[in-house]
Amino acid sequence: MEKCLFCKIIQNEIPVKKVYESDKVLGFEDIGPQAQTHLLFVHKNHTEHINEVSQYDATQLVDIFQAIRSYTQENKLEKEGFRVVTNVGKNAGQTVFHTHFHVLGGEKL
């Protein structure tokens, strides 16, 4: 199976504007923002969606949410509020099948 889009981003094969990076998690700007701030946070280990990651390695969820906490506190998103969203499957709007979380904020949603 070819690497997914986010795996290629993680491997620096596709450029993105990174906002956060650790040895386990990458955060970057969404190319089609739906809010003033629209970021994506992904674990560097590939899983397809939240149900898969929670079944096989739920610690990845902790890694991602710690990264989101760190970013939103350091960048003052926490003060005014933000939303975290994930989609599972085509009918929910998932277009890249690598577990990811949208962080939306910077304005009233």
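His 43 lies in strand E3, which covers residues 37-43. Helices (H or I, at least four residues) and strands (E, at least two) are DSSP runs, numbered from the N terminus. The model is predicted, so that local features need pLDDT of at least 70 and side-chain atom pairs count only at pLDDT 80 or more, while totals for chains, interfaces and linings use all residues. Residues are numbered from 1 along each chain as its sequence is written, and side-chain values use heavy atoms, with hydrogens and water left out.

With a relative accessible area of 4%, His 43 is buried; the term buried stands for under 20% relative accessible area, exposed for over 50%, and partly exposed for values in between (1.4 Å probe, protein chains only). A polar contact of 2.8 Å joins the side chain of His 43 to the side chain of Asp 63. Such a contact is a pair of N or O atoms within 3.5 Å; within protein, one must be able to donate a hydrogen and the other to accept it, and residues adjacent in sequence count only if both atoms are side-chain atoms. When neighbours within four places in sequence are left aside, the residues in contact with His 43 are Ile 10, Lys 24, Val 25, Gln 60, Asp 63, Ile 64, His 98 and Thr 99, where contact means heavy atoms within 4.5 Å.

Thr 47 is found in the loop between E3 and helix H2 (50-56). Thr 47 is also buried, with a relative accessible area of 7%. The side chains of Thr 47 and Thr 99 make a polar contact at 2.6 Å. Apart from neighbours within four places in sequence, Thr 47 is in contact with Glu 52, Val 53, Gln 60, Phe 97, His 98 and Thr 99.

The structure holds 4 aromatic pairs. One of them is formed by Tyr 20 and Phe 41, whose ring centres are 6.1 Å apart and whose planes stand at 45°, so the pair is tilted. Tyr 20 belongs to strand E1 (residues 18-21) and Phe 41 to E3, so this pair ties together parts that are 21 residues apart in sequence. Rings of Phe, Tyr and Trp (its six-membered ring) pair if their centres lie within 6.5 Å; planes under 30 degrees apart count as stacked, over 60 as edge-to-face and the rest as tilted. Tyr 20, Phe 41 and Tyr 71 form one aromatic cluster. Phe 41 is buried, at a relative accessible area of 0%.

The largest nonpolar core has 12 residues in all, among them Val 25, Leu 39, Phe 41, Tyr 71, Leu 77 and Val 103. E3, helix H3 (59-74) and strand E5 (100-105) each supply at least two residues of this core, and the largest share, 5 residues, comes from H3. A second, separate core of 10 residues includes Cys 4, Leu 26, Val 42 and Val 96. A nonpolar core is a set of buried Ala, Val, Leu, Ile, Met, Phe, Trp, Tyr and Cys residues joined through side-chain atoms within 4.5 Å. For Val 103, the contacts beyond four places in sequence include Leu 39, Phe 41, Ile 68, Leu 77 and Phe 82.

E1 pairs with strand E2 (residues 25-29) in the antiparallel sense over 3 bridges; two strands pair if DSSP finds at least two bridges between them. The two strands E1 and E2 form a hairpin with 3 residues between them. The bridge partner of Lys 18 in E2 is Phe 28.

A search of the whole structure finds 0 disulfides, a disulfide being a pair of cysteine sulfur atoms within 2.5 Å. The cysteine sulfur closest to that of Cys 4 is in Cys 7, at 3.4 Å, too far for a bond. Cys 4 counts as buried at 13% relative accessibility, and Cys 7 counts as buried at 12%.

Several loop residues are exposed. Ile 31, in the loop between E2 and E3, counts as exposed at 87% relative accessibility. The C-alpha atoms of Ile 31 and Leu 77 are 19 Å apart in space, and the two residues are 46 apart in sequence. Asn 12 is in the loop between helix H1 (5-10) and E1, and is exposed with a relative accessible area of 56%. Phi of Asn 12 is near 60°, a positive value in a residue other than glycine. Most residues other than glycine have a negative phi. Lys 76 likewise has a positive phi, near 60°; this residue lies in the loop between H3 and helix H4 (77-80) and is exposed, with a relative accessible area of 59%.
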